[in-house]
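The sequence and structure come first.

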Amino acid sequence: MDKKNSPKKILITGGAGFIGSHLVRRLLTQHKDYQVFNLDALTYAGNLENLKDIEEAPNYTFVKGDITDAGFVNDFFSQFNFDGVIHLAAESHVDRSISDPVSFVRTNVLGTVNLLNASLQLAKNNTGFLFYHISTDEVFGSLGQEGLFNESTAYDPNSPYSASKASSDHFVRAYGETYGLPYIISNCSNNYGPNQFPEKLIPLFINNIIKNKPLPVYGDGDYTRDWLYVKDHAEAIDLVFHKGRKGETYNIGGFNEWKNIELTHLLCRLMDIKLGRKEGTSEKLITFVKDRPGHDLRYAIDASKINKELGWKPSVTFEEGLEKTIDWYFENQEWLGHVTSGDYLEYYKKQYQTQ
Ligand code: NAD
Ligand code: TYD
């Protein structure tokens, strides 16, 4: 087929994970002329059940593979000759990074550099090639009670997770400056929504409330996160990939700050209603536990650049997003059962004893 008329080949890494699976679905439905490839190692966080509804799509290909394997990555890239890469594959959980930082260096830093090296070859022969790195606002470190992260905020990561993501961002930028690789980076705030592995705050607490288990609030719960519904993030990624300026970074966030303890109270209220329990029942599950070491006090994103340049803003309110999320976890108890293994619960018991 003539290259000009052939469908665009887009590689998404980490497409079996939480955000990646929403992005794969979005690209397949919004850009029907694309061939979408999903490269994922299927770690504990990768789950093909997330993509059950689209796995037979004619323009979708899943490949199981590890981005830390440079030989495999190079062969894979030269076989398929992608027009663009949207890179999400990562170790993504801060608590795991505290107990096993090396895995984060391997996947997030080395894995990213392997993809960058393979991309250089493709960019040589394709002026339209783009490497788009999906990153986090955690690279900026912690805010005090005031202020917002913007695109010029200095990097100041505090956890092994954020240090590994900061490092991978720096490598992406360095490949742009040194070798001329066309790239974009976006740094997003905390996501929530369907298909999130129940180790992160919102799905963990929904799952624990359903099962009448303690809700482990770290420290005094006086920590702030800026929450964004995952489908709004997928929409922003789609927009940045197609309309963003090369060599730029974009901050993505929901202008939606919540203290952990207030969010926990809200979840308890909504879940009591959903479960038909007496008001105040779920609150009794709140358990203050030992704080996370190096716990960042506050994250909050100034998303005005992406709003002004690309017209993006979140489409759902937090109340709508939380309701959709809670409904999804209720309707997908089988999914929840499959991902909540005994090992996973043991891991948490070891990490955080109650005070
Ligand atoms: P996730 O943990 O749900 O999914 C990560 C995916 O990467 C999994 O499918 C996993 O199997 C795959 N993976 C891990 N190691 C791999 C390897 N060596 N080779 C190939 N695949 C591998 O993560 P997520 O929450 O969907 O986050 C996706 C990306 O977005 C990450 O880069 C993360 O840093 C970034 N991000 C996440 C959030 C958030 O709130 N979840 C916010 C901002 C940015
Ligand atoms: P998390 O979902 O792990 O995301 P991140 O650390 O990347 O922001 O945690 C969100 C916030 O909730 C963070 O301040 C840590 C806190 N937290 C708890 O208090 N208890 C928990 O069991 C978890 C998982 C998180």
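Which residue has a side-chain N or O atom 2.9 Å from a nitrogen atom of ligand 1? In this predicted model, that residue is D66.

**Ligand 1**

Besides the side-chain contact of D66, ligand 1 has a nitrogen atom 3.1 Å from a polar backbone atom of I67. An oxygen atom of ligand 1 lies 2.7 Å from a polar side-chain atom of Y161. On its own, ligand 1 has 830 Å² of accessible area, and the protein covers 96% of it.

The shell around ligand 1 holds 28 residues, of which I19, D40, S92, Y161 and K165 come nearest. By type, this shell divides into 13 nonpolar, 12 polar and 3 charged residues. At least two shell residues come from each of helix 1 (18-30), strand 5 (130-136), helix 5 (160-179) and strand 7. Strand 5 gives the most, with 3 residues.

**Ligand 2**

Around ligand 2 there are 18 residues, and the nearest are E138, P216, R225, R292 and H295. They divide into 9 nonpolar, 4 polar and 5 charged. The side chain of R292 places an N or O atom 2.5 Å from an oxygen atom of ligand 2. Backbone N or O atoms of L201 and of Y218 also lie close to ligand oxygen, at the distances tabulated below. Taken alone, ligand 2 exposes 510 Å², and the protein buries 98% of that. Helix 6 (201-210) and strand 8 (215-218) are the elements that give two or more residues to this shell.

| Ligand atom | Protein atom | Distance |
|---|---|---|
| Ligand 1, nitrogen | D66, side-chain N or O | 2.9 Å |
| Ligand 1, nitrogen | I67, polar backbone atom | 3.1 Å |
| Ligand 1, oxygen | Y161, polar side-chain atom | 2.7 Å |
| Ligand 2, oxygen | L201, backbone N or O | 2.9 Å |
| Ligand 2, oxygen | Y218, backbone N or O | 2.9 Å |
| Ligand 2, oxygen | R292, side-chain N or O | 2.5 Å |

Strand 7 and strand 9 (residues 224-229) run parallel and are joined by 3 bridges. Y192 stands opposite Y229 of strand 9.

Definitions and conventions:
Residues numbered from 1 in each chain as written. Chains lettered and ligands numbered in written order. Predicted model: local features only at pLDDT ≥ 70, side-chain atom pairs only at ≥ 80, totals over all residues. Heavy atoms only, no water. Pairing = 2+ DSSP bridges. Helix = DSSP H or I, 4+ residues; strand = E, 2+ residues; numbered from the N terminus. Near = heavy atom within 4 Å. Polar contact = N/O pair within 3.5 Å; in protein donor to acceptor, adjacent residues only side chain to side chain. Areas by Shrake-Rupley, 256 points an atom, 1.4 Å probe, with all protein chains shown as cover. Nonpolar A, V, L, I, M, F, W, Y, C, P; charged D, E, K, R; others polar.
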